[in-house]
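Work through the exercises below with the sequence and the 3D structure at hand. Try each task before reading its solution.

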Amino acid sequence: MSQTTIILNSAAMHRALTRIAHEIAERNENGAEVALIGIQRGGVSLAQALGKILSGIWSLPVPVGTLDVGMHRDDLDRKVAPNMHPTEIPFDVTGKTVILVDDVLFSGRTIRAAMDALNDFGRAKRIQLAVLVDRGHRELPIKADFVGKNLPTAETERVEVKFSGKDDDAVIVEKNS
Amino acid sequence: MSWNRKHLLDIESLSAAEIMTVLDTARAFKAVGERAIKKVPALRGKTVVNLFVEPSTRTRISFELAAQRLTADIINFSAEASSLKKGETLKDTAKNLEALNADIIVMRHSASGAPHFLARFLQASVINAGDGAHEHPTQALLDTFTILEKKGKVAGLKVTILGDILYSRVARSNIWALIKLGAEVTLCGPSTLVPKVFEQMGCRVTYNVEEAIRDADIINLLRIQHERQRKTMFPSIGEYTSLFGLTKARLAKCKPDALIMHPGPINRGVEIDSEIADCGRSVILDQVTNGLAVRMAVLFLVNGGQGPQEVAT
């Protein structure tokens, strides 16, 4: 039996994203050098949503890319090969402040892989990390710069983020009992 | 959909979903080849052996570069300069390579079934890079990848394979892949090289080249495999060209958006008119580029197939 709890509903998710966008704008005075990269798959739609809000705040277009970290994972010989999704970075990352966007921050291994993958595209001026949910249990020295919600969890629980811009968007925690 | 196989031995045993997994993965690896830094660490610390008991240049080089772009170490092993010439059996050669902790063995052999034989006793993954006249799975995968890339779909397309079908592992692998993905396959060539028995695989067989290519969306030309023919199967090369060669006059009657494919090496003026090989409808060099991406995908996937069979999240 599993028990599910809704942690954030659609409206709360949107408020969290708006707050993250304002924090990003506060931290980065020069909006022209900021670019967002959503990590496949959960980070992609969040990055697009954040990009839209930030474009409004700065009144200028904010470039948004996508990144698949599958080729840079550290568990490739321990698991079935991951499904690959498109990596599309339609801008030069060199000299930019790149904000990596993901839905859930857990072990930190995905972010490690993402930083390695990003390195092959150029030398970003700085990299920052925005996540909707930080559920703890880090296995690497990685910390998010912008967090939508800190969510203490047990390691065995599952955190699922549904985000497509519709009313049934939610952050759900599934407990196995 | 994920890939759970340790080996890639043939197309016949793959499902349509598994073929699509390879093609989807290959798309990601093609993008890697277009970057300034064309290398990813996915196979770091792994050893790949190219065991080419039958000579090959393009497939061997393609696998070699694919392995290097995945950061694997690669050894090339060719029959001419090896202990196979001194009487060592294939099994012993393979066991010796495994004793060097090879993780993936890419094998070409003139005997059908040789990679299946290795896969039965090796711990390493085995990739078939062509076994006799049986199969050449990565060629079929790169051909379907190219079709999908250029046409946006495979299902429902009319594909004509023209030339030496009987001795062609490329033809067999392509037929399996295309039929599994829902294409309509027509085979054409001299009746000695295109026996009717291929209809049992689900293709149409015709000996009229004009009719075979008239409605085709894809025309895949195969080279006459002189080295595999035990005796002459048709009177002369000149006669083959006049009866089955893709000439400008024949191409003029085809669909204007028909793609011309060829696995190489091409014999200009034999199965294909020299100008056609260089025209805008020819995707022969795209096939070479895509071959690299597909082989990276296959190396990547079989590597994952070696571990505990749990699904990655």
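The model is predicted, so local features need pLDDT of at least 70 and side-chain atom pairs count only at pLDDT 80 or more, while totals for chains, interfaces and linings use all residues. Residues are numbered from 1 along each chain as its sequence is written, chains are lettered from A and ligands numbered from 1 in the order in which they are written, and side-chain values use heavy atoms, without hydrogens and water.

**Exercise 1.** Describe the interface of chain A and chain B.

*Solution.* 
- Step 1: Take contact as heavy atoms within 4.5 Å. The contact then involves 16 residues from chain A and 26 residues from chain B.
- Step 2: Find the buried area, which is the accessible area (1.4 Å probe) that two parts lose on being put together, summed over both. The two chains bury about 1,900 Å² between them, with 61% of it on carbon and sulfur atoms. A:Met71, A:Val80 and A:Asp120 supply 36% of the area that chain A buries against chain B, more than any other three residues.
- Step 3: Search for salt bridges (a side-chain nitrogen of Lys or Arg within 4 Å of a carboxyl oxygen of Asp or Glu). The rule finds one across this interface. The side chains of B:Lys46 and A:Asp77 meet in a salt bridge, at 3.3 Å from N to O.

**Exercise 2.** Summarise the fold of chain B.

*Solution.* 
- Step 1: Count DSSP runs, taking helices as H or I of at least four residues and strands as E of at least two, numbered from the N terminus. Chain B has 11 helices and nine strands.
- Step 2: Compare the radius of gyration, taken over C-alpha atoms, with the globule rule, 2.2 Å times the number of residues to the power 0.38. The radius is 19 Å, close to the 20 Å that the rule gives for 313 residues, so chain B is as compact as a globular protein of that length.
- Step 3: Apply the burial classes: buried is under 20% relative accessible area, exposed over 50%, partly exposed in between (1.4 Å probe, protein chains only). Buried residues make up 58% of the 313 residues in chain B.
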